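I opened this structure to look up a few residues one by one, and I note below what I found for each.

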Amino acid sequence: PDMYPGNCWAFKGSQGYLVVRLAIKIYPTAFTLEHIPKAVALTGNITSALKNFAVYGLDDEYQEEGKLLGQYVYDEAGEPLQTFPVMV
C-alpha cells in the first residue's frame with residue numbers, strides 16, 4: 001500500500017514465485033529491485049531481502065516453462081535500488 005518499512009510483499013518460507021501479466025508483449029532489457037536500506041530497517045539488518053533470483057519470460061499465461069532471461073544476486077551491502085540487465 002505504501003513504501004514504508006514493514007509494508008512489503010513478503011513470501012512465506014525461503015522460496016517464492018511471482019508472475020506479472022502485462023497488457024502487451026514487451027522485450028525487457030533490465031529488471032530493477034528495491035529493498036529498504038539497513039539504516040532504516042527496524043532490526044538494523046535486511047536479511048529478509050531477496051538474494052538469489054531468476055527471471056523467466058513467458059509468451060502467454062498457459063506456457064509452463066519460460067525462457068530464462070537471467071539469474072541474479074541482490075547485494076545486501078549495495079545500494080537499495082539495484083538494476084540487473086537481461087542476460088539472454
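Entry 1. I began with the side chain of glutamine 82, which reaches the backbone oxygen of aspartate 75 at 2.7 Å, and a polar atom of this side chain also lies 2.8 Å from the backbone oxygen of glutamate 79. I count a polar contact as a pair of N or O atoms within 3.5 Å, where within protein one must be able to donate a hydrogen and the other to accept it, and residues adjacent in sequence count only if both atoms are side-chain atoms.

I keep in mind that this is a predicted model, in which local features need pLDDT of at least 70 and side-chain atom pairs count only at pLDDT 80 or more, while totals for chains, interfaces and linings use all residues. Residues are numbered from 1 along each chain as its sequence is written, and side-chain values use heavy atoms, with hydrogens and water left out.

Entry 2. I then placed glutamine 82 in strand S4, residues 81–85 (strands are DSSP runs of E, at least two residues, numbered from the N terminus). Glutamine 82 is buried, because its relative accessible area is 10% (buried means under 20%, with a 1.4 Å probe and protein chains only).

Entry 3. Next I looked up leucine 69, which sits in strand S3, residues 67–73, and is also buried, with a relative accessible area of 12%. Leucine 69 and tyrosine 27 are 42 residues apart in sequence and 10 Å apart in space, C-alpha to C-alpha.

Key
Helix = DSSP H or I, 4+ residues; strand = E, 2+ residues; numbered from the N terminus. Buried < 20%, exposed > 50% of the residue type's maximum accessible area, 1.4 Å probe, protein only.
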